Amino acid sequence: MSWIDFFRGKRKEPASAAAAKERLQIVLAHERIGRTREDFLPKLQQELVAVVARYVAIDPGKVNVNLDRGGDMSTLAIEIELPAPAAMRVAAQAR
Amino acid sequence: MAQVVVVTSGKGGVGKTTSSAAFATGLAQRGKKTVVIDFDVGLRNLDLIMGVERRVVFDIVNVIQGEARLNQALIRDKRVETLSILPASQTRDKDALTKEGVQKIIEELAKEFDYILCDSPAGIEKGALLALYFADQAIVVTNPEVSSVRDSDRILGVLQSRSKRAEEKRDPVKEHLLVTRFDPARVERGEMLKLEDIQEILSIPLLGVIPESESVLRASNTGTPVIMDGESNAGQAYADAVARFLGEEKPHRFLEPERKGLFKRLFGGRAA
Ligand SMILES: Nc1ncnc2c1ncn2[C@@H]1O[C@H](COP(=O)(O)OP(=O)(O)OP(=O)(O)O)[C@@H](O)[C@H]1O
Ligand SMILES: [Mg+2]
């Protein structure tokens with residue numbers, strides 16, 4: 001903070017514009033890919049659930065897909081709640 | 001009973017998304033289970049203002065088209081527990097929204113949430129009409145400027161004729177006026193419409209006045225709804241408006257220009 005800023009009564013704050021730029025770069029990088037290619041997430045999820053359902057009786061409502069887009073790396077976490085062991089055995093026998 | 005609240009304006013760029021984010025966060029901070037829906041399909045921005053843009057997996061169109069469950073598309077806010085966001089689609093256009101689809105979503109949300117806020121796109125076409133169709137209450141965002149006031153009047157007409165409540169001839173949608181980007185100094189100099197003038201012309205109850213403030217840009221840069229900036233005048237004005245919305249009495253603030261001391265007048269210094 002220079003002395004002139006001091007006299008202007010400015011508080012020293014982290015420049016928020018830098019945060020804005022970084023956020024935009026990340027989100028736009030992902031969106032630009034999406035423009036040329038069809039969004040694969042809905043299909044990916046459907047297929048994954050179908051595969052898991054072949055082995056375990058799952059409630060499709062208990063499938064959670066979480067995404068965290070990053071600059072270098074994104075993580076996709078798919079959380080599938082499995083039924084209690086008893087229910088699983090029943091499901092396996094039913095097949 | 002869940003309340004459906006549309007944040008609308010007719011005119012673009014007056015502060016609907018800023019206000020939706022602030023109101024949703026404010027209601028949730030007060031313990032209300034709140035979800036805010038972005039109806040601006042094709043131009044989503046609420047995710048950025050709420051700071052959840054990296055976490056969007058599915059959107060409202062995916063839900064309507066049966067590609068994802070509502071629960072999967074809802075983004076739970078990490079700062080305020082009772083707050084969720086339903087993003088708009090960025091890749092499709094407004095025709096992907098259907099009245100039946102939106103109705104199903106709202107009915108399902110009504111089971112879990114106290115308040116369902118709908119951030120309307122600008123204009124009076126499909127997206128805006130769908131955003132207001134199911135509303136019980138409307139927050140009409142208006143700037144102290146002729147074209148904004150005229151468009152607000154237009155949207156009030158639409159609320160009174162084309163909302164579900166109007167079509168079914170039930171009690172009308174409850175209307176609230178939210179004046180934003182209010183610059184007291186310019187009003188004092190006669191460059192901007194006075195608050196009384198806007199009220200007189202639109203004649204709906206005043207919910208709040210949000211001053212023009214640098215804190216709004218700072219908030220959007222970092223993806224933090226401005227109401228979380230409790231030191232800023234805009235943040236405080238939004239908190240007051242939320243309190244009034246919930247029935248509390250609060251005097252209006254920030255209506256007069258800040259009287260700067262000699263020191264500040266000499267050296268500049270800006271409103272937080
Ligand atoms: N009180 C305020 N003080 C200063 N700037 C503001 C204020 N409210 C909103 N803005 C700025 O005005 C611009 C438009 O705001 P916002 O996106 O909330 O409007 P909108 O009505 O949702 O726009 P659209 O019609 O495009 O959806 C943004 O740059 C925002 O930062
Ligand atoms: Mg908007």
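Good morning. The model is a predicted one, in which local features need pLDDT of at least 70 and side-chain atom pairs count only at pLDDT 80 or more, while totals for chains, interfaces and linings use all residues. Residues are numbered from 1 along each chain as its sequence is written, chains are lettered from A and ligands numbered from 1 in the order in which they are written, and side-chain values use heavy atoms, with hydrogens and water left out.

Let me give the geometry of that pair. H6 spans residues 126-133 of chain B and H7 residues 146-162 of chain B; they pack at about 60 degrees with axes 10 Å apart. Helices here are DSSP runs of H or I with at least four residues, numbered from the N terminus. Axes are lines fitted to C-alpha atoms over the stretch in contact, and angles run from 0 to 180 degrees between N-to-C directions. H6(B) passes H7(B) in a right-handed crossing, that is, the near helix is turned clockwise from the far one by less than a right angle. H6(B) contributes Leu129(B), Leu132(B) and Tyr133(B) to the contact, and H7(B) contributes Ile155(B), Val158(B), Leu159(B) and Arg162(B), where contact means heavy atoms within 4.5 Å.

H7(B) also packs against H10, residues 195-202 of chain B, at about 30 degrees and with axes 10 Å apart. These two helices are therefore roughly parallel, and their crossing is right-handed. Val149(B), Ser152(B), Asp153(B) and Leu156(B) of H7(B) meet Ile198(B), Ile201(B) and Leu202(B) of H10(B).

On the H1(B) side the contact includes Thr18(B), Ala22(B) and Phe23(B), and on the H12(B) side Tyr238(B) and Phe245(B) are among the residues involved.

Which residues come nearest to ligand 1? Of the 15 residues around it, they are Lys16(B), Thr17(B), Thr18(B), Arg181(B) and Ser213(B); a residue counts as near if one of its heavy atoms lies within 4 Å. Oxygen atoms of ligand 1 take part in several pairs: one lies 2.9 Å from a backbone N or O atom of Gly13(B), one is 2.7 Å from a side-chain N or O atom of Lys16(B), and one is 2.8 Å from a polar backbone atom of Thr17(B). Thank you.

Key:
A polar contact is a pair of N or O atoms within 3.5 Å; within protein, one must be able to donate a hydrogen and the other to accept it, and residues adjacent in sequence count only if both atoms are side-chain atoms. Angles under 35 degrees count as roughly parallel, over 145 as roughly antiparallel, 65 to 115 as roughly perpendicular and the rest as oblique.
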